[in-house]
Amino acid sequence: MFKNKSIDGKNNICGKKISELRKNTKPKMSQRALAEKLQLHGIDVDKNAVQRIESGQRFVTDIEIIALCKIFNISSDDLLCK
């Protein structure tokens, strides 16, 4: 039976990278601020959803990936490739 998890058992492979990108912005962006930016792109998430994405507890949709790439001005390869 197939399981929708990464090798390390997480529900996404981009959460750690999202956390790094968020923390490396100048000034440092909070999870709440990232949630607000996602909301401006039409993604209905809150601070808790961002926390679950970053910790790998939540799946990330393709629509959310596109919005995150726009927010951080990166390509999807930058976000998804280790």
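Contact here means heavy atoms within 4.5 Å. With that in hand, welcome to a predicted model in which helix α2 (residues 31–40) crosses helix α4 (residues 62–72) at roughly 110 degrees and crosses α3 at roughly 105 degrees.

**How α2 meets α4**

- Two packed helices are described by the angle between their axes and the distance between the axes.
- For α2 and α4, the axes come within 10 Å, with a crossing angle of roughly 110 degrees; that makes the two helices roughly perpendicular.
- The crossing of α2 past α4 is right-handed.
- On the α2 side, the contact is made by Leu 34, Lys 37 and Leu 38, and these meet Ala 67, Leu 68, Ile 71 and Phe 72 of α4.
- By class, the residues of this contact between α2 and α4 are 6 nonpolar, no polar and 1 charged.

**How α2 meets α3**

- Here the axes come within 8 Å and cross at roughly 105 degrees.
- An angle from 65 to 115 degrees counts as roughly perpendicular, and α2 and α3 are therefore described that way too.
- From α2, the contact draws on Gln 31, Arg 32, Leu 34, Ala 35 and Leu 38, while α3 supplies Lys 47, Val 50, Gln 51 and Glu 54.
- The contact of α2 with α3 divides into 4 nonpolar, 2 polar and 3 charged residues.

**The buried face of α3**

- Helix α3 spans residues 47–54, and its buried residues are Ala 49, Val 50, Ile 53 and Glu 54.
- Looking down the axis of α3, you will find these buried residues within an arc of 135 degrees, so they line one face of the helix.
- The buried residues of α3 pack against α1 (15–24) and α2.

**Asn 12, ahead of α1**

- Asn 12 sits in the segment before α1.
- Its relative accessibility is 9%, so Asn 12 counts as buried, the cut-off being under 20%.
- Setting aside neighbours within four places in sequence, Asn 12 is in contact with Ser 6, Ile 53, Gly 56, Arg 58 and Val 60.
- Asn 12 and Ile 71 are 59 residues apart in sequence, and their C-alpha atoms are 19 Å apart in space.

**Points to visit in the loops**

- Pro 27 lies in the loop between α1 and α2, and a cis peptide bond joins Lys 26 to Pro 27, with omega at about -10 degrees.
- Gly 42 belongs to the loop between α2 and α3, where it is exposed, with a relative accessible area of 61%.
- Gly 42 and Ile 63 are 21 residues apart along the chain, with 9.5 Å between their C-alpha atoms.
- Asn 73 is found in the loop between α4 and α5 (76–80).
- The phi of Asn 73 is near 55 degrees, a positive value in a residue other than glycine.
- Asn 73 is also exposed, its relative accessible area being 70%.

Conventions: Residues numbered from 1 in each chain as written. Predicted model: local features only at pLDDT ≥ 70, side-chain atom pairs only at ≥ 80, totals over all residues. Heavy atoms only, no water. Axes fitted to C-alpha atoms, helices over the stretch in contact; angles between N-to-C directions. Helix = DSSP H or I, 4+ residues; strand = E, 2+ residues; numbered from the N terminus. Parallel < 35°, antiparallel > 145°, perpendicular 65-115°, else oblique. Left-handed = near helix turned anticlockwise from the far one by under 90°. Nonpolar A, V, L, I, M, F, W, Y, C, P; charged D, E, K, R; others polar. Buried < 20%, exposed > 50% of the residue type's maximum accessible area, 1.4 Å probe, protein only. Arc of directions from axis to C-beta.
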